[in-house]
Amino acid sequence: MIKIKIQLDFNNGPIWGNYYDENNQRTMTGVDVIDYNEDIQSLAKRIQEKYSSYYEFNSHDQACWFNEEKEHAEKDEMLELITQLINKIESVNDGSFEIEDHVTDMISEL
């Protein structure tokens with residue numbers, strides 16, 4: 001069974017792919033109903049942009065600084081976006097993949 005990992009990292013979408021596709025210029029899971037679903041990909045991009053915005057460069061006397069205050073302030077919005085993403089992915093699940101959520105608890109505990 002394919003595992004679909006939901007995780008956050010700078011400049012990476014929350015859906016972690018299994019390989020990089022040169023033609024599409026992005027990582028892919030290998031599950032077409034996820035990789036080519038515009039709603040899922042659009043929401044994933046929105047989450048990625050929000051999370052990446054917490055990183056500030058040449059700020060606070062550091063080359064790269066993570067803005068924890070902004071992360072905390074946007075906790076509820078991010079949690080809602082992640083929930084929407086997981087629900088959308090689950091709605092297209094035909095039983096051929098399993099979702100590994102590495103984000104919800106982390107955000108909930110902020």
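A salt bridge (a side-chain nitrogen of Lys or Arg within 4 Å of a carboxyl oxygen of Asp or Glu) joins the side chains of Lys45 and Glu49, with an N to O distance of 4.0 Å. The model is predicted, so local features need pLDDT of at least 70 and side-chain atom pairs count only at pLDDT 80 or more, while totals for chains, interfaces and linings use all residues. Residues are numbered from 1 along each chain as its sequence is written, and side-chain values use heavy atoms, with hydrogens and water left out.

Lys45 and Glu49 are both located in helix α2 (residues 38-52), 4 residues apart, which is about one turn of the helix. Helices (H or I, at least four residues) and strands (E, at least two) are DSSP runs, numbered from the N terminus. Lys45 is exposed at a relative accessible area of 51%, whereas Glu49 is partly exposed at 43%. Here buried means under 20% relative accessible area, exposed over 50%, and partly exposed in between (1.4 Å probe, protein chains only).

In total, the structure contains 5 salt bridges. Another of them pairs Glu74 with Lys50 at 3.1 Å, N to O. Glu74 belongs to the loop between α3 (68-73) and α4 (75-91) and Lys50 to helix α2, so this pair ties together parts 24 residues apart in sequence. Both Glu74 and Lys50 are buried.

A further salt bridge connects Glu100 and Lys3, whose closest N and O atoms are 4.0 Å apart. This pair links distant parts of the chain, with Glu100 in strand β7 (residues 97-101) and Lys3 in strand β1 (residues 2-6), 97 residues apart. Glu100 is partly exposed at 23% relative accessibility, and Lys3 is partly exposed at 42%. Through shared partners, salt bridges join Lys3, Glu98 and Glu100 into one network.
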